[in-house]
Each structure stands twice: as structure tokens, then as C-alpha cells.
Amino acid sequence: MRDYSHTLLNDRERWQIVLSGAERFFGRQWRGGKIKLRSLPPEYSDYLSSGPGNEFAIIRYIISHGRSTREEALVRRGQLLAVQYARHLQTAERFRDLAIVAEELTQLVESDKYPKDWATLAGLAGAGLRMMGKPDEALKHCRRGLEVGGALLTGEEKAEIWLDVALAEEKLKNVDEAIAAAQEVKASVHETSPRHLQASAIIANTLEAAEKAKQLPALESLAREKGFVTVANNIALDLAIEADIPEEKVKHLDRVLAGRERGYNQVRAIVT
């Protein structure tokens, strides 16, 4: 039925439907860069927030249409939507959808013409793949993103991708590579940045047991003091994994469960 209905529409009619969909999913001012992504009540999110979404289909059509009609401004608007939507998926912890969307968009966006957009999407694809337990694939995307983006990326943008590299190398137990990537994170941002603290924790995890036991709690305390809840909980989970005494393990996990953060780290704390 859907395929048949497509045959009844001309190109102009299809484009008008896409524009209506863009207003529905991104707000009426999306062409001016003011994007408003839809949010769903928690009770609906489990069965409505799965899969790449209609937003992805619209973004892909906008970029493809802009390229076919040689409308540079339309391509740029579509790519802005692409990056914002991918970040939305990341924030919503929809990591599988993030990997699918960002990876496919790297096939659509021209890396030589739009290196920064491509690099950002490659980094986001890597982030999604890492969270799916695919560190090898994540590293390919992240390192290529850093290579393509180069000097066009800000310090925070580089740090974001380097941190995923460090965490993926850590997962693969490539100690030297993890330390080197963590050092790149620290070199890219101010020491007050949450990414700087997370990188310090990655390096601390490579130390001898006694020094690790000294540095990790101090880093967790500093992260909580600064309000970096996710970083603090990541460190608390590392401490729980390292704990030999059950009471100590429970104490670390309780700090994660008692906090205001919900989602992935809470699940980790429950199953650890």
C-alpha cells in the first residue's frame, strides 16, 4: 500500500510531505537553525522511542534532496538536523539507534566537502558502537573522525571523541593506547572539565592496586563536589568492580543507586 501510494505522488508533492514532517518533528523554525526535537512521556518511551525514527527518514531525504537539486543551504540545514538528532539519541541513551543513524549518515555526508560534520557524526557513531559492546568498530569510526576533523574540531569536540577512544582501548585491555588517548583528552580541555576527570580515572585504573585505591576515591569525591554525577558514578562502579569485600562493593553501588542519575549507570549498578 505504501509503495503504491508513492507512485501516485509527484516530486513536488513528496517534498511538501517531507517539509510538513520536518515541521512536525523539528519545529517550525528548523530552517533557521532553531530545532525543537520532540520529547515523549516516560510511559510511552519504551515502545515509541525505538528504531532510527521518522526523524531519520526525513533528515536523509532533506540531505539527498538538497544534493540532487544542488541547494547548498538545504544540505547544510539537513546536516545540522543530522548532528542534533544524533546527539538527541545519545542523550536519550538510545545507543543502538545512535550507531545506526550516525553510521549511515557518514555514508551520506561528503567528508571532503563537510569534514567537521562528517567527523562529528563519525565520533557519534563510534560512541554508539562502543556502548553496544563493539569497541573495535568504535575505534575505526572515532580515529577516522579525528583524522578527518583535525583542526576544525574544538578542544571539547576532540576530547569527546578521544574519550571514546580511551574507553574503547580500555575495554580491549590495550593499556598503553588507553593512556595515550586519555592524555589527549586532558590536553584538549581544561582541568575543570568532566572529560578531564574521566580521563584521569582511566589513567588511575592502570596503576598498581595501592595507588589506584588512593586516586580513584579522590577523583570520585572531586567529581561529586563539582556536580559531575555521571563521571562520579562511573568511578564508583569501577571501585565496586575492584572491591573484594562484599560490604565495600555494596557501599560503592549504593552511591550510584542513591543519586539523581537514571538510566544506564543505574542498570550497571543493579547488575554488577
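Trainee: Is Asn265 buried or exposed?

Mentor: Burial is judged from relative accessible area, where buried means under 20%, exposed over 50% and partly exposed in between, using a 1.4 Å probe and protein chains only. Asn265 has a relative accessible area of 4% and is therefore buried. Bear in mind that this is a predicted model, in which local features need pLDDT of at least 70 and side-chain atom pairs count only at pLDDT 80 or more, while totals for chains, interfaces and linings use all residues. Residues are numbered from 1 along each chain as its sequence is written, and side-chain values use heavy atoms, with hydrogens and water left out.

Trainee: Where is Asn265 placed, and which residues is Asn265 in contact with?

Mentor: Asn265 belongs to helix α15 (residues 264-271); helices (H or I, at least four residues) and strands (E, at least two) are DSSP runs, numbered from the N terminus. With contact meaning heavy atoms within 4.5 Å, and leaving aside neighbours within four places in sequence, Asn265 touches Thr230, Asn233, Asn234, Leu237 and Val256. Leu237 is 28 residues away from Asn265 along the chain, and their C-alpha atoms are separated by 8.3 Å.

Trainee: Which side chain makes a polar contact with that of Asn265?

Mentor: A polar contact is a pair of N or O atoms within 3.5 Å; within protein, one must be able to donate a hydrogen and the other to accept it, and residues adjacent in sequence count only if both atoms are side-chain atoms. The side chain of Asn265 is joined in this way to the side chain of Asn234, at 3.1 Å. A further case is Glu55 in helix α4 (residues 53-68), which is buried with a relative accessible area of 4% and whose side chain makes a polar contact of 3.5 Å with the side chain of Tyr85.

Trainee: How should I read the packing of α4 with helix α6 (residues 95-108)?

Mentor: Two packed helices are described by the angle between their axes and the distance between the axes. Axes are lines fitted to C-alpha atoms, for helices over the stretch in contact, and angles run from 0 to 180 degrees between N-to-C directions. The axes of α4 and α6 come within 11 Å and cross at roughly 5°. That makes the two helices, α4 and α6, roughly parallel, given that angles under 35 degrees count as roughly parallel, over 145 as roughly antiparallel, 65 to 115 as roughly perpendicular and the rest as oblique. On the α4 side the contact is made by Phe56, Ile59, Arg60, Ile63, Ser64 and Arg67, and on the α6 side by Val101, Glu104, Leu105 and Leu108.

Trainee: At what angle do helix α8 (residues 135-149) and helix α9 (residues 155-171) pack?

Mentor: Their angle is about 150°, with the axes of α8 and α9 9 Å apart, and α8 is therefore roughly antiparallel to α9.

Trainee: How do the axes of helix α11 (residues 194-204) and helix α12 (residues 209-225) cross?

Mentor: The axes of α11 and α12 cross at roughly 165° and come within 9 Å, so these helices, too, are roughly antiparallel to each other. Leu197, Ser200, Ala201 and Ala204 of α11 meet residues of α12 including Leu216 and Leu219.

Trainee: How many helices and strands does the whole protein have?

Mentor: The protein has 15 helices and 0 strands, and buried residues make up 43% of its 272 residues.
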